[in-house]
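Here is a short briefing on how two parts of one chain meet. Look over the sequence and the model first.

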Amino acid sequence: MRDYDSRDGVMIFGGIPVTEIAEEFGTPVYVTDEVRLRENYRNVHHAFSKHMNTEIHYACKANTSLAILKILEREGSGIDAVSVGEVMTCLKAGFTPDRILYTGTSVSNDELRAVTDLGVMVNVDSLSELERLAKIKKGIPVSFRITPGVGSGHSSKVVTGAKGSKFGIPIKDAVGAYLRARELGFEPKGIHVHIGSGGQSVEPFTEAMEVLIEITNDLKDRGIDLEFIDIGGGIGVPYRPNEPEMDVNELGRDLTEMILEETDIRTIKLEPGRYIVCDTTVLLTRCVDVKDAGVKRYVGVDAGFNTLVRPAMYDSYHHAAIGNKFGRACTSKYDIVGPICETGDCLAHDRALPDPEEGDVVVIYNAGAYGFSMSSNYNSRPLCREVLVNNGKMELIRDSERVEEQWRHQRIPERLIR
Ligand code: LLP
């Protein structure tokens with residue numbers, strides 16, 4: 001987990017005391033450090049590109065904020081998109097269609113039409129999708145998502161590559177899918193897996209790579225030469241203090257070595273989401289209430305699972321600190337809870353904190369991946385602000401919504417209005 005400096009007991013983020021950011025923009029607010037974002041992108045790109053031609057397709061589901069997309073666009077990233085909405089958002093941020101790969105699941109014909117009309121390549125998830133795509137667009141390049149029978153992830157809810165998964169084409173049908181694609185007039189360009197999200201070891205990636213290499217070479221023998229192997233996303237990051245970091249250099253070395261030694265393919269694609277954005281961002285939330293419930297103590301804050309759903313949804317650990325009492329001795333353990341009317345609205349359980357008081361700025365770490373992008377309007381709470389910081393400068397990149405905006409697409413039937 002990333003460490004932060006402090007000044008006069010106040011945590012510094014992106015060169016700015018977190019209290020100042022909270023004061024300027026209000027809370028809750030997601031704050032992203034541009035310097036770290038660029039560093040993460042360059043790190044993972046370098047870990048692979050020093051060995052072979054590498055195309056990073058940032059998995060934008062992790063964070064689709066336009067300013068963040070724009071920074072990654074300028075860095076040279078491509079995009080992994082899962083919906084026509086993500087495709088359109090990335091086009092808006094300046095990505096050209098040839099830099100976007102669409103990997104959907106349970107994909108409708110309408111979505112296939114919309115994505116291919118925008119000129120984006122489809123990574124096909126099923127034989128049904130292939131046949132339907134053939135009726136929608138002819139002669140286009142495609143790749144296939146294979147279910148490698150290897151899964152990995154921080155929670156069973158995000159493991160995608162295991163046998164029997166709803167994602168991808170089972171190994172037994174893989175070669176047949178490419179032969180059928182050729183028959184239908186498509187140009188098969190690549191092969192893809194995504195084993196899951198937030199795994200911390202290299203082995204599942206190399207196991208999945210073995211499966212891809214075997215299929216690739218089988219296809220070559222049948223006259224189908226692919227141009228790229230896409231190993232998907234899933235590189236985990238440490239969320240807990242002292243948790244070791246996955247070695248991306250080892251991952252890059254091992255995977256590229258396998259491709260270079262065992263195939264004729266000279267381009268690797270990968271789709272990191274979490275690795276690129278997770279530790280770039282903190283969620284600042286203000287303590288509004290402190291409660292001693294006898295058997296338990298609570299710190300009530302103004303962010304709930306409408307703002308950050310991961311702890312409620314996956315039991316995910318997000319480190320928390322009091323930004324204005326940084327490094328101070330902890331007094332007792334508290335649950336950090338939000339304003340949502342459900343017992344499950346808990347951002348952190350049993351955390352030792354230094355004497356929390358109303359007005360304190362609570363910092364939730366590692367909030368950049370699947371933080372804002374999974375936030376919701378539950379309890380009619382408006383989506384919050386986002387701020388970009390860079391070496392002491394801060395800029396608003398998303399304003400908070402107004403409650404009125406939640407009504408804009410609703411209609412009350414005339415007959416109900418007297
Ligand atoms: N590629 C594909 C096809 C994916 O489905 C995903 C994530 C990625 C890449 C990026 O995976 P990453 O590098 O971020 O691990 N909401 C969950 C994570 C769901 C991931 C879904 N797919 C969470 O908050 O942990």
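This is a predicted model: local features need pLDDT of at least 70, side-chain atom pairs count only at pLDDT 80 or more; totals for chains, interfaces and linings use all residues.

Residues are numbered from 1 along each chain as its sequence is written, and side-chain values use heavy atoms, with hydrogens and water left out.

**Layout**
- Domain 1 covers 6-32 + 278-407, and domain 2 covers 34-277; these bounds come from an automatic or database domain assignment.
- The centres of the two domains, taken over C-alpha atoms, lie 32 Å apart.

**Extent of the interface**
- In domain 1, 25 residues are in contact with 26 residues of domain 2 (heavy atoms within 4.5 Å).
- About 2100 Å² is buried between the domains, and carbon and sulfur atoms give 53% of that area. Buried area is the accessible area (1.4 Å probe) that two parts lose on being put together, summed over both.

**Charged link**
- One salt bridge is counted between the domains (a side-chain nitrogen of Lys or Arg within 4 Å of a carboxyl oxygen of Asp or Glu).
- Asp 279 pairs with Arg 36 in a salt bridge, with the closest N and O atoms 2.7 Å apart.

**Elements on the domain 1 side**
- α11 (310-314), β20 (385-390) and β21 (393-398) each give two or more residues to the side that touches domain 2. Helices (H or I, at least four residues) and strands (E, at least two) are DSSP runs, numbered from the N terminus.
- β20 gives the most to this side, with four residues.
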